[in-house]
Amino acid sequence: MREYTPKEIERKWQQAWQEARLHHTDEDESKPKYYALEQFPYPSGEGLHMGHMRVYSIGDVVARFRRMNGYRVLHPMGADAFGLPAENAAINRGINPREWTLSNMERIRKEQALIGASYDWDRYLGTCLPEYYKFTQWLFLLFYERGLAYRKKAFVNWCPDCNTVLANEQVEDGKCWRCDSEVTKKELEQWFLRITDYAERLLEGLDRLPDWPDKVRAMQRNWIGKSEGAHVTFTVPECDDEPVTVFTTRPDTLFGVTYMVVAPEHPLVPRLVKGKETEADVLAFIEQMKKQSEIERTSTEAEKVGLFTGAYAKHPLTGEKVPIWVANYVLMDYGTGAVMGVPAHDERDFQFASKYGLPIKAVIQPAAGEPLPEPLTEAYTEDGVLTRSGDFDGMPNRQAVKEIAKLLEERKQGGWTTTYRLRDWLISRQRYWGTPIPMIYCDSCGAVPVPKEQLPVMLPEDVVFDGKRNPLTTSDTFVQTTCPRCGNKARRETDTMDTFIDSSWYFMRYTDAQNEDEPFTPESAAKWLPVDEYIGGIEHAVLHLLYSRFFTKVLYDAGLVPVDEPFNSLLTQGMVLKDGFKMSKSKGNVVSPLEIIEKYGADTARLFILFAAPPDRDLEWSDSGVEGSYRFINRVWRLIAQHEALFAQDIPVQGEPQSGEAKELRRLMHQTIKKVTSEIGERSHFNTAISAIMELVNGLYAYPEHADRAVLKEALETLVVLLAPFVPHVTEELWQSMGKEGSVHRVDWPTYDEQALVLDEVEIAVQINGKVRDKLVVATDASREEVEKQALETERIQALIEGKTVRKVIVVPGKLVNIVAN
Ligand code: ANZ
Ligand code: ZN
């Protein structure tokens, strides 16, 4: 018997498939489409890890299964190739970021090929390649034309030693991650995308994505953070042209306001304190607060600190003087950056007022005539009725929320409004290794977009990487240009785009990856979008998935794509653990997929990963599990080899076996087809699909010598076909050894015969009111409920009881069913 030699077999078939272009995208539009997509990797230089191996194995089963089920399938791959590590390699080791990245891309691509994943490599893309980023720029210009890209001053994290803006993630305890100097906030002109314009649609769309995990949808909802409430304007003598407006979800507590707080960054603060005794202290406080992170400022445990500005606002309804404070717990970028303080009914306000001795005035009590204790020991945040609130006394507070907002609206002192936590997307990065923002600054024309026909704005090579400044500013050939509008000397934008932009549209590019004139055509997008199954990590639950949804909606509005939601179904795969911990370099518990492939072959690695857990759960690595998968493949191998002779001859099919082992094997085979089909196609539970196949293998081993050979042969062939999506190489080899023409991956997926599933059957009579009306064949082991259900569902009986009420159904097992109806 020939031995199973995975390395040799896998190498052979990978090459053969490539030569035959087996995985080239099928464009036959008479077939339904299926777009299977895995998140593309970041080519970090560390190569393929087990997390990658897991996503790609899952995606490949999905793609192969759909192809065998008669779909034309798009299953592409690429690389998310811009980003800071390449630039750091340049700064620290003097390596060119482009060369560094390209060689990593090449490496990961080779490693992906070793898995045997069925990608259409003709559609490969790398986001750092000019032929790709040309169109990232093109899309930026589209956003600009549509008023969705704009430049404004913003406070950003700034490292004075590195001379660069830092992302929030690069600030650790207020210090620069690279040089440890104290990070400050600097006001800079930055580019933004107006994602807030789409806040409502981004929320609404989530309701149309039932095949996304609830958790991810909840995280997005939370991130968008819709909040309904009221604006209330308070006039202030220090700035009589501009009132201080607050956002509150509780306008019902308006009469309980005893102070106000504005954020340290609030633009009115300098005017409020100007010339007052408090001025110097407040300005110093503001500088200090600017350094605190948002988390430090807003967590419930965090110390709330504030200072009185010396200014007073006028209460819009009572006219009372309300002191204005600045405090760390109010954020500038939520609501209006100012709040009204109601210590009696808000916990944070209660803490703050208690600390600074501000008055606490209860205006909601549990019920009329049931006042709260004086003094209050904690904020009363429950519902109740209003008190000490003028004409509103006695009104239930929920009603007062609306009524007070209405009154404010009538008096032009505010009104009902909706606020979102979502902020516009700051996309400027003072970094080299990203897509240059295609804008030019001219002294006479201002900011001028680069004309589309001049794209791409290429990254220059004559730059200095010293870690002290944006390398693009060191290239004269890049910076110095002429104005596209007036032809005078002008300056190029040196910021590059956040790399999340690159990945916000790559799934669209795959539909038309070779197009040199456009990012893709509307026709090609219509042919493939939306992605039917998107597989990736939960770490992208908000950022990447939200940005991609935003991009899709904008391009939908521009008429470029046919759908406004990009990913129909989302599968977030669990982590790969070893000894209970996530595999990671720092834990020293990493198992490399390449080692496993080298030792056992890719088929074993795939099988283990798919069998060990459902895809959305964490998976515990186990060496014995890998061994087990390897043994199973060998078991299948020997089973087929043992029956080699069967495939050399024509065995006449005897017709359906009526009894005995042959009938039983046939039943097992159809049951396996049914189970595997629904577990892959409906539930993505590959582990239980594989278990079912293992049972079939047991059944085949137990099948006696003397029993029907035609049934055996059919079952062996079916086994190989069912295994093909999971272990593509060995099944191809076995298929060939069975003397089959063509690839097993081009075979139609088997269908099951409902009749064959029935164990053993008896014929029973179906009566209506005691008269035999029909006959029914049921399984001998069918339950009463099943028999009753089947009896009621037959066409004859249905017709006869139509319009009648079934009063009772009597089942005599193995004999009859009597339906009492009138
Ligand atoms: C008065 C009040 C009374 C409030 C009360 C709550 C309870 P959500 O639901 O998250 O939208 N707030 C508004 N803007 C803020 C900012 N920039 N920084 C910090 N806090 C801010 O919360 C809205 C509530 O959070 C608002 O309603 C405001 O406090 C506070 F019994 O106003 B409330
Ligand atoms: Zn100009």
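Predicted model: local features only at pLDDT ≥ 70, side-chain atom pairs only at ≥ 80, totals over all residues.
**Entry 1: Ser227 and its contacts**

Leaving aside residues up to four places away in sequence, Ser227 touches Phe247, Thr249, Tyr334, Thr417, Thr418 and Thr419. I noted that Ser227 belongs to strand S10. Is Ser227 buried or exposed? I found a relative accessibility of 13% for Ser227. Buried means under 20% relative accessible area, so Ser227 counts as buried.

**Entry 2: The sheet around strand S10**

I next asked which strands pair with S10. Strand S10 covers residues 226–234 and is joined to S11 by 5 bridges, the two strands running antiparallel. Within this pairing, I found Ala230 opposite Thr248 of S11. S10 also pairs with S18, again in the antiparallel sense, over 7 bridges. Here I recorded Gly414 in S18 as the bridge partner of Val232. I kept in mind that strands of a sheet pair through backbone hydrogen bonds, either parallel or antiparallel.

I then wrote down the order of the sheet. It is an open sheet of 3 strands, in the order S11-S10-S18, with antiparallel pairing. S11 and S18 (414–420) stand at the edges with a single partner strand each, so one side of each has no neighbour in the sheet.

How many of the 5 residues of strand S11 are buried? I found that 4 of the 5 residues of S11 (residues 244–248) are buried, so this strand is largely enclosed by the rest of the structure. S11 therefore stands at an edge of the sheet, with one side lacking a neighbour there, and is still largely enclosed by the rest of the structure.

**Entry 3: The zinc site**

I turned to the zinc ion (ligand 2) and asked which residues are its protein donors. The angles among the 4 donor atoms are 101 to 119 degrees, and the site is tetrahedral. For reference, the ideal angle for four tetrahedral donors is 109.5 degrees.

Along the chain, the donors follow the spacing C-x2-C-x37-C-x2-C. I located Cys442 in strand S21 (residues 439–442) and Cys483 in the loop between strand S23 (480–482) and strand S24 (489–492); the pair therefore ties together parts that are 41 residues apart in sequence. Finally, I checked the exposure of these two residues. Cys442 is buried, with a relative accessible area of 6%, and Cys483 is buried at 3%.

Methods
Residues numbered from 1 in each chain as written. Chains lettered and ligands numbered in written order. Heavy atoms only, no water. Buried < 20%, exposed > 50% of the residue type's maximum accessible area, 1.4 Å probe, protein only. Pairing = 2+ DSSP bridges. Contact = heavy atoms within 4.5 Å. Donors = N, O, S within 2.8 Å, 3.2 Å for Na, K, Ca; no water. Tetrahedral: all angles 85-135°; square planar, octahedral: opposite > 155°, others 65-115°.
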